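Hi,

Here is the structure I promised to pass on. Have a look at it first, and my notes follow below.

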Amino acid sequence: MTNSCRLHLARYVSALALALLLSRERSVVAQAPYQPAPENLQARREFQDMKFGMFIHWGIYSVLGDGEWVFHNRKLKVDEYNRLPAFFDPEKFDAKAWVSLAKAAGMKYITITSRHHDGFAMFDSKVSDWNIVARTPYKKDPLKMLADECHRQGIKLFFYYSQLDWHNPDYYPRGRTEWDNGRPDHGDWNAYLDTYMDGQLTELLTNYGPIGGIWFDGMWDKPNADWHLDKTYALIHKLQPAALIIPNHHQTPRPGEDVQTFERDLPGENTAGFNTTYVSTHLPLEMCDTLNENWGFNIGDSRYKSAEELERRLIRAAGNNSNLLLNIGPYPNGDIDPQFVTRLQAVGSWLSKYGDLIYGTRGGPIPPGDWGVTTQKDDKIYVHVLNWGSPLLALAPIQDKILAAHLLTDGASINFTQTADGVVLNVPAQQKENPDRIIVLKVSTTK
């Protein structure tokens, strides 16, 4: 081998070694665990304390009165769906009325669809003209009005954002919900994620003041795809460190995610058939459900849950250490169904009396059951008896010593027995006007 060859070989080996070193360094950086900022950790605690939020599904699909999946369910073509924005003119939209209703219901935050699976932006997006300002006769940005009103009334605002897109041709390859809607059989997946989606997220995180976070949906359409989550999550946390990332992907939480949410299920349950039964022990929890049966406005849906049923769901969510995000689907003109209003106001009235047993609590030490749940705050355990007809209720053992027990409504003492095997409570008969018999256990937290 000549000296020249030896020199070239040495340079090649050195370059290769340097490349491998840089590769290892990049790998270490990429695999480094996510470290939430102090503002983020504080936001998580505040989120857990809020317990009750309003979910709003509202978009151009509301015009057809057949739910938010109408584009897919009717197998419409893109050219056909493109006609829909011309009919969306929500002249009765009133941000103050919407936020005031959430506040009257005792809700502490709002999560609204900034963009659903049809890809239509309900805000003034410069990334694409497929948005409410450019395509509808309304010509205004309702999310800006809502954000301003939320800031005025002290309600946290979260933006739902669909990662799935039935309209954008760059959402390619297609996912599970694919149908022939006239899009070309090619697209630029990286451009869709890095330019289109991250561009719109940047708009939402820079043009609307401080927001509570981003509520993602739709990743289940392509669960094995590379969604560039590290990049997108880092962008969100950089633009607003306190913003929480809440992914509705029905999977075990991933690095960079701040809340675990469950769709139509309590944490750990899977009656809906798509939720994971894994429950995080270090992230705040949330469950979302509907006030009637649909998320978006459906003109044929009159199956409204009663105020009592909604109160029970809120209690069970809190007893499972979870928030309840309760959905309404406003009319296309911006009005809210009066049936929603009366029920939410009734729940708000109940919370005005019993909110201390919900807000700021954590799931209690006794496992939830069909009988009911427990919540806890400081040295008080609240036993919520929801479904029990016998005069004695046997519960699992707890570590803390019970000092006293009384009925919340009238302060009457409750007889109890505490042993190493469990706790037995004397339960009063249920009152028809109140779905929740609440027994307060004062405990000694000294070990």
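Pro-173 sits in the loop between β3 (156-162) and α8, where helices (H or I, at least four residues) and strands (E, at least two) are DSSP runs, numbered from the N terminus. The peptide bond from Tyr-172 to Pro-173 is cis, with omega near 0°.

Before the rest, a word on the source: this is a predicted model, in which local features need pLDDT of at least 70 and side-chain atom pairs count only at pLDDT 80 or more, while totals for chains, interfaces and linings use all residues. Residues are numbered from 1 along each chain as its sequence is written, and side-chain values use heavy atoms, with hydrogens and water left out.

Two residues other than glycine have positive phi values. His-228, in the loop between β4 (213-217) and α9 (229-239), has phi near 55°. His-228 counts as buried because its relative accessibility is 16%; buried means under 20% relative accessible area, exposed over 50%, and partly exposed in between (1.4 Å probe, protein chains only). Asp-378, in the loop between β10 (372-377) and β11 (380-385), also has phi near 55°, but Asp-378 is exposed at 66%.Now to the inside.

Best wishes
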